[in-house]
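Good morning, and thank you for coming.

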Amino acid sequence: MPVYNQSRSRVIQLIFIAVFIVITAQLLNLQLFSSEYTIQAENNAIYRKVVYPDRGIIYDRKMRAILENTIMYDLMVTPNETRGSDTFTLCTILGIDTAEYRKRMVTAIIKNTSYKPSAFAPLVNQEIYARLNENMYKFPGFFLTERPVRTYPYSVAANVLGYVGEVDTTYLRKHKADGYQMGDYAGITGLESSYEKVLMGQRGVKRSIRDNKNRIQGSYENGAFDTAALAGRNLYSSMDVELQQLAEKLLGSKIGSAVAINPKTGGILAMATSPTYDPNMLTGSERRKNYGRLVLDTARPLLNRAIKGQYPPGSTFKPMGALVALDEGIITPAYGYPCGGAYYACGRPVKCEHHDAGHAASLRLALSHSCNSYFSNVFRMAIDNPAYKTPQEGYLKWKEYMNAFGLGVRLNIDLPSEDRGNIPDTSGYNRDFGGTHWNSCNILTLGIGQDRMLATPLQLANAMCFIANKGYYYTPHFVDSIENENIDDSVYLGKYRRKHQVTNISAEDFDAVQLAMLDVTLSGTAVGARIDGIDICAKTGTAQNPHGKNHSLFVAFAPKDNPRIAIAVVVENAGFGSTWAAPIASLMMEKYLNDTISAKRLPEVDRISKADLIPAAIKHWYAVKDSIKLAKLAKQIDADKAPTFENTIDNKKHTFDPEAEPNRKDDDNSDTGKAKSPAIKPSEKQLKKPSNKK
Amino acid sequence: MSNASHSSISKGVDWMVIWLYAILVFIGILCIFMVEYNPDKFTAASFFTFNTNYSKQLLFAGICVLLAIFILLSDSKLYTAFANLFYVFGIALMLATFVLGKDINGSKSWIPLGGGFNLQPAELCKIFTALALSKYLSQLDTDFSKTKSQVIAAAIAMSPAVLSVLQHEAGLALAYLSFFIVMYREGLPGAILVIGFSFGALVVATLLIEPNTLAIVLTLIAAGTVYFMRRQVRRNRNLLIIIIGVWVLCVGIQRFAVPYIFNNVFECYQSQRIYNAIGKDYDCSQNSTTQKEEANSKTVKKPDDYNVRQSKIAIGSGGILGKGFLKGTQTRGKYVPEQHTDFIFTSLGEAFGFVGCFIFLGLYLMLLLRIIFIAERQRSAFSRVYAYCIASILFFHITVNVCMTIGLFPIIGIPLPLISYGGSSLLTFTVLIFILVRLDADRQMVLR
């Protein structure tokens with residue numbers, strides 16, 4: 001009987017083997033031929049965490065850190081662990097109400113689930129941090145994490161140093177290859193932006209294994225695939241932070257700019273712009289609010305006027321006009337012009353400040369007295385130079401000089417979005433005069449730095465550099481060297497180590513101009529800018545402009561024989577160059593050259609820094625803004641008294657509006673106009689309430 | 001005395017089976033260790049503290065060694081003599097479960113033994129059923145070619161299965177189907193197997209193919225059969241009736257029976273699992289259990305294929321050579337549920353890859369073929385039938401378990417023999433295998 005079914009043993013064995021072959025085939029399919037499972041497994045279990053290195057520090061020329069890192073704290077929350085938290089105390093410390101607490105909690109859960117921590121209050125300040133830290137035991141589920149932020153120890157040079165901000169989609173699109181992610185920080189303006197790649201360092205990646213509940217289990221492969229974060233490299237700048245502080249102080253309550261350059265290297269010693277802001281305002285938790293306020297400010301504190309302010313240079317241009325004429329051989333230093341108080345040769349007279357005969361008897365006299373007639377005439381001679389057939393060709397030659405002087409072109413400073421000023425093109429005139437029907441008379445005031453000529457303070461300071469150096473300059477820049485500099489960094493610094501030769505103007509020509517500029521402080525228009533024991537070559541400027549009162553300008557370099565500082569100062573709508581711009585520049589030079597300001601001039605510092613030269617229109621804007629605030633305050637106090645709960649929230653919201661909703665400004669204006677008379681009443685009534693609180 | 005007993009143990013024992021058994025149990029403990037390993041808490045001592053699963057499994061293995069020695073020391077005649085008694089005892093235990101049973105994971109199939117240990121009689125009953133079936137088929141007066149004997153044999157094999165189904169342990173019940181392989185070997189008409197397979201194919205086809213299309217296909221097959229057999233049909237009218245009957249039956253199953261079973265007998269998650277195995281999605285809103293619960297305003301969570309998906313990810317991410325011992329990220333992250341019991345194969349697949357799995361399955365296949373080899377060398381029918389029982393049970397468990405982890409079979413709670421964590425399962429298979437080794441040692445004897 002057993003023999004009867006023997007063959008079935010084979011059948012059964014075959015079935016066994018067949019099934020195993022099927023299983024093997026499926027294993028082959030899963031393990032060898034589909035890569036999706038490996039990818040899914042990694043997505044499942046490997047958590048990639050980007051490790052952010054410290055950003056580089058920026059030092060000034062005396063190795064003082066002017067931009068460095070500090071630690072702030074984020075209050076984090078893991079929502080499912082917050083049972084038993086003392087919500088009331090927490091809300092009191094953070095200054096929020098329970099509705100806000102609940103809102104933030106819901107946001108956290110939506111963002112990151114309730115098992116994972118998310119930020120509850122980002123970047124809390126020191127005081128709140130201290131109070132939270134001592135009460136932390138009352139808040140299970142909450143914890144504080146360190147977060148490095150930028151800090152500006154001297155609170156100066158906001159527009160130069162720039163700030164970091166969260167990258168937006170546009171930025172991500174532009175920097176696809178650099179590995180930024182949403183939520184990363186990157187330099188937005190200033191040096192932070194220009195040297196972003198140097199400062200940011202190299203980000204590391206840490207891989208860890210996580211479990212099915214997203215909890216980290218340990219490192220993946222013992223860190224074999226991790227990359228370490230490399231700290232950003234430090235920058236060594238040429239800035240002198242004390243000089244910068246002084247410049248910003250002197251420009252206080254004014255609109256304008258001051259740029260000081262070391263002519264020997266092109267290193268910028270100070271670049272002040274006014275109004276400015278405290279750069280630390282854009283680091284902490286109030287960042288957004290402050291930023292909104294700054295952006296809306298009509299005086300535009302976020303604008304770096306030193307590179308973006310374009311002014312007619314006025315008389316400060318005259319030394320350059322003289323150089324062109326000397327080099328072209330049109331005049332000699334002995335050339336004189338009989339000015340009688342105005343230049344009449346072109347029909348409409350160009351006025352001159354001086355009437356006395358002989359004030360323009362030589363280049364030296366004419367420049368130190370800033371004679372408009374003299375330089376108008378010299379300019380015409382340059383344009384109508386018989387060496388060139390037409391005034392147009394003469395003008396092109398003249399323009400060539402200007403561009404070589406760094407006017408009308410970008411200097412390529414290491415700050416983003418520098419403006420190029422304006423040396424007009426012939427095409428512009430051709431258009432306006434219907435072809436080449438224009439002559440030297442039509443563009444006459446270019447010769448005294450007016451007409452369509454525009455220059456930035458940086459360009460003016462740079463012009464002083466090449467006059468001081470007698471014919472060359474280095475492109476102005478902030479960063480002298482980078483920590484652990486390598487060959488790749490020549491992208492950044494190579495251009496700042498190349499000497500720019502400014503045409504082939506002879507040393508004699510420069511000597512003549514320098515001597516004349518020296519006379520400006522000895523006997524000319526800027527006698528008040530003299531510093532004992534130092535030969536200052538300078539030129540004042542009083543530029544007419546369509547925006548109101550004349551701009552006050554001053555350019556200078558010192559000492560004459562061994563120039564160490566070249567400077568340009570512009571104070572908008574402040575009148576004569578000698579009244580405001582000159583003393584500011586003089587004090588800055590004294591500070592830099594003597595390392596201190598002499599006691600007798602200290603009151604001068606005080607006087608100038610306190611002088612309020614802000615145009616009335618801007619002051620009016622501030623006044624209106626303040627009155628809106630006051631009106632809002634009055635309303636809020638009124639609302640506090642109201643018994644209904646809804647009202648309070650409504651009004652509270654309202655008070656925060658001006659920062660959050662810029663577009664509403666106009667409406668609010670009209671509101672306050674109407675509401676003025678009733679608004680006063682409640683504030684009077686409410687006087688008691690604030691005093692009770694005390 | 002001890003010397004004599006030692007020689008009597010080892011005499012005639014099939015060492016290959018014992019070695020394969022030992023290697024597999026060792027691999028099992030290793031796999032459980034991989035699943036539970038936590039580098040922060042692990043010390044060498046934790047193997048012996050018995051509060052981790054791998055150390056418990058080690059304890060069970062120790063008990064198994066004692067049990068194996070005890071079985072090897074016993075007399076082969078014991079098993080033939082007490083086979084029927086054991087079977088009755090097993091059935092009694094299963095019946096007792098209805099009274100004494102403890103509810104674990106929704107199935108009332110455990111008898112609490114105290115001390116945290118529970119007994120699953122359905123598991124033990126496999127041994128008794130195997131013995132009883134062997135006993136019945138080896139009886140001299142049994143003529144297995146008769147339908148009556150076939151029905152009795154099937155009844156012996158299926159009674160525990162029916163009881164298991166009543167205890168909501170469909171998985172364990174399915175394991176008893178493996179006894180049909182034994183019966184096939186002993187002379188059950190091959191047609192029954194063919195019919196069984198055809199039925200299975202029809203059910204799968206029902207799930208895969210759109211109902212109307214399948215009905216048309218079946219009708220065409222029936223028409224074609226009638227056409228090709230028209231001569232026989234003309235001679236024998238009954239044949240036509242049979243063909244039409246089969247056609248009606250098939251269409252009936254396809255149109256009504258299968259949808260009815262999936263919607264009304266199975267619960268939503270069960271239907272979903274079967275659909276998942278063939279790569280389709282089941283619409284739970286058709287399920288009566290779900291409808292009932294929804295009527296009671298309970299929100300029913302839609303079961304998804306999380307288990308299978310994670311299981312396939314873990315195995316698939318192993319690649320050719322695997323990630324290495326204790327380096328499986330999916331295993332360490334506990335992504336695969338029930339990984340130490342039913343899904344133990346995933347830890348192996350992840351850590352050792354295709355090569356590891358292939359070698360591992362090779363070991364199993366060697367064991368199975370060796371058991372069939374042993375079966376065929378027995379002089380007594382009892383031992384032969386019993387050996388086939390073991391081979392069939394092992395085969396069924398391995399196939400179903402491995403296929404479910406790699407997504408070829410619906411998820412059923414069936415452990416991987418000798419590997420999965422669990423004392424009941426390990427002890428059962430140990431006893432099954434070592435009784436065979438004992439019987440094989442006496443292969444020259446004719447046992448009745």
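Let me begin with a question: in E20(A), which residue is the bridge partner of Val259(A)? The bridge partner is Ala568(A).

Before I place that pair, a word on the model and its numbering. This is a predicted model, in which local features need pLDDT of at least 70 and side-chain atom pairs count only at pLDDT 80 or more, while totals for chains, interfaces and linings use all residues. Residues are numbered from 1 along each chain as its sequence is written, and chains are lettered from A and ligands numbered from 1 in the order in which they are written.

Now to the two chains. Chain A contains 26 helices and 20 strands, and chain B contains 19 helices and three strands. Helices (H or I, at least four residues) and strands (E, at least two) are DSSP runs, numbered from the N terminus. In chain A, buried residues make up 38% of the 694 residues; in chain B, 42% of the 448 residues count as buried. A residue is buried if 20 or more other C-beta atoms lie within 10 Å of its own, exposed if 12 or fewer, and partly exposed in between, with C-beta atoms placed from the backbone. Two residues are in contact if their C-beta atoms, placed in that way, lie within 7 Å. Among contacts between residues at least 6 apart in sequence, 72% in chain A join residues at least 24 apart, and in chain B the figure is 69%.

Let us return to the opening pair. Strand E11 (residues 256–261) and strand E20 (residues 565–571) of chain A pair in the antiparallel sense over six bridges. Two strands pair if DSSP finds at least two bridges between them. These strands belong to an open sheet of five strands in chain A, with the order E12-E11-E20-E19-E18 and antiparallel pairing. Why is one side of E12(A) and of E18(A) left without a neighbour in the sheet? Strand E12 (268–274) and strand E18 (537–545) stand at the edges, and each has a single partner strand, so one side of each has no neighbour there. From one strand to the next, the twist averages 5°. Helix H10 (residues 241–250) of chain A packs on this sheet, touching E11 and E12 of chain A, and its direction makes about 25° with that of E12(A). For such angles, axes are lines fitted to C-alpha atoms, for helices over the stretch in contact, and angles run from 0 to 180 degrees between N-to-C directions.

I turn next to the nonpolar cores. A nonpolar core is a set of buried Ala, Val, Leu, Ile, Met, Phe, Trp, Tyr and Cys residues joined through C-beta atoms within 7 Å. The largest one has 130 residues, of which Ala260(A), Met464(A), Ala556(A), Ile567(A) and Met588(A) touch the most other members. Helix H18 (residues 457–468) of chain A supplies the largest share of this core, nine residues. Which residues does Met464(A) contact, leaving aside its neighbours within four places in sequence? Val555(A), Ala556(A), Phe557(A), Ala566(A), Ile567(A) and Ala568(A) are its contacts. A second, separate core of 115 residues includes Tyr220(A), Cys31(B), Ile372(B) and Tyr386(B).

How do the two chains meet? The contact takes 31 residues from chain A and 39 residues from chain B. On the side of chain A, the elements giving two or more residues are helix H1 (6–33), helix H2 (36–45), strand E8 (204–210) and strand E9 (216–219). H1(A) gives the most, with 15 residues. By class, this side of chain A has 15 nonpolar, 13 polar and three charged residues. Here Ala, Val, Leu, Ile, Met, Phe, Trp, Tyr, Cys and Pro count as nonpolar, Asp, Glu, Lys and Arg as charged, and the others, Gly among them, as polar.

E8(A) and E9(A) pair over three bridges, and Arg210(A) stands opposite Ile216(A) in E9(A).

Finally, consider strand E3 (residues 65–77) of chain A. Two bridges join E3(A) to strand E2 (residues 58–59) of chain A, running antiparallel, and ten bridges join E3(A) to strand E5 (residues 142–151) of chain A. Thank you for your attention.
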